[in-house]
Amino acid sequence: MPQDSTQQAVGYPALFVLVALGALVPVVPTGALVSSAAVVAFHQQSPPLGVLVVFAVAAAAAFSGDVTLYWLGQRGVRSPGGSRWVEALRARAAPERLEQARTRLDEHGVLVLVLSRLVPAGRIPVMLACLLAQLPLGRFARGDLPACLAWAATYGLIGIVGGSLFAEPWKGVVAAVALALLVSAAPTVWRRLRPPESE
């Protein structure tokens, strides 16, 4: 095993890049990644500091990715023929989810951003609703910052739980990844199993 300092020198920048990339192109399971990093930090020689750094790096990376994606989307909304970024966002957002996001944005403002970051597949429809409502970048960023902090804290806590259950870090990582994926998949499974509402 490399020493803690070597792990930190490689691990924290890699965590930042992967989480920021996952915010831009959601193919990386960033929640599971943060939970795994928290497990590793928990088992290092100075666990409280390491876990806090994982939290800070994950929140900063998620915020950077979100703001960059929103800025690119704004450029697309303002361009004469639209943009591939806006179209990519539209393609990833189900029409009914987008309509729900617009309604909630009208009713609750940027507070919806906090929940959208914690609900799987909730971030893109809300971001798209913000773009179509022409929400300024500064206002979006002010709402997105607490959302990213809450998201990083949630998945960091999952990692701490996984790390505290097992003495061996790899077992904690497996447990944290499984728990993070379960938390991410639960709302989707619930929506599919829930009986349709009667009209």
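Modeller: Confidence in the protein chain is highest in helix H3, at a mean of 87. It is lowest in helix H9, residues 169–193, at a mean of 58. This is a predicted model, so those values deserve a look before anything else. Across the protein chain the mean pLDDT is 75. Of its residues, 65% reach 70 or more.

Now the overall layout. The protein chain has nine helices and zero strands. Its pattern along the sequence is α-α-α-α-α-α-α-α-α. There are 199 residues, and 38% of them are buried. Among contacts with a separation of 6 or more, 77% are between residues 24 or more positions apart.

Asp66 takes part in one of them with Arg117, where the closest N and O atoms are 3.0 Å apart. This pair links distant parts of the chain. Asp66 sits in helix H3, and Arg117 sits in helix H6, residues 111–118. They are 51 residues apart. Both Asp66 and Arg117 are buried.

The other salt bridge joins the side chains of Asp66 and Arg123, at 2.7 Å from N to O. Here too distant parts of the chain are linked. Arg123 belongs to helix H7, residues 123–132, and lies 57 residues from Asp66. Asp66 counts as buried because its relative accessible area is 0%, under the 20% cut-off. Arg123 has a relative accessible area of 12%, so Arg123 is buried as well. Through shared partners, the salt bridges join Asp66, Arg117 and Arg123 into one network. As a general point, side chains of opposite charge can pair when their charged atoms come close.

Follow Arg123 into its helix. H7 is mostly covered, with nine of its 10 residues buried. Among the buried ones are Arg123, Ile124, Pro125 and Val126. Met127, Leu128, Ala129, Cys130 and Leu131 are buried too. After H7 comes Gln134, whose phi is positive, near 55°.

The largest nonpolar core holds 19 residues. Leu15, Val19, Val34, Val54 and Trp151 touch the most other members. Helices H1 (4–24), H2 (30–42), H3 (47–78) and H8 (137–165) each give two or more residues to this core. H3 supplies the largest share, seven residues. In soluble globular proteins, nonpolar side chains tend to be buried together.

Leaving out residues up to four places away in sequence, Leu15 touches Leu33, Val34, Ala37, Val54 and Val57.

Leu18, Leu21, Val25 and Val27 make a nonpolar surface patch of about 340 Å². Leu18 lies in helix H1. With a relative accessible area of 33%, Leu18 is partly exposed. For the protein chain, the accessible surface comes to about 11,000 Å². Carbon and sulfur atoms account for 67% of that surface.

To return to your request: Asp66, Arg117 and Arg123 form one network of salt bridges.

Key. Residues numbered from 1 in each chain as written. Predicted model: local features only at pLDDT ≥ 70, side-chain atom pairs only at ≥ 80, totals over all residues. Heavy atoms only, no water. Core = buried A, V, L, I, M, F, W, Y, C linked by side-chain atoms within 4.5 Å. Buried < 20%, exposed > 50% of the residue type's maximum accessible area, 1.4 Å probe, protein only. Helix = DSSP H or I, 4+ residues; strand = E, 2+ residues; numbered from the N terminus. Contact = heavy atoms within 4.5 Å. Patch = residues over 30% accessible without salt bridge, like charges linked within 9 Å, V, L, I, M, F, W, Y side chains within 5 Å. Areas by Shrake-Rupley, 256 points an atom, 1.4 Å probe, with all protein chains shown as cover. Salt bridge = Lys/Arg side-chain N within 4 Å of Asp/Glu carboxyl O. pLDDT = per-residue confidence, 0-100.
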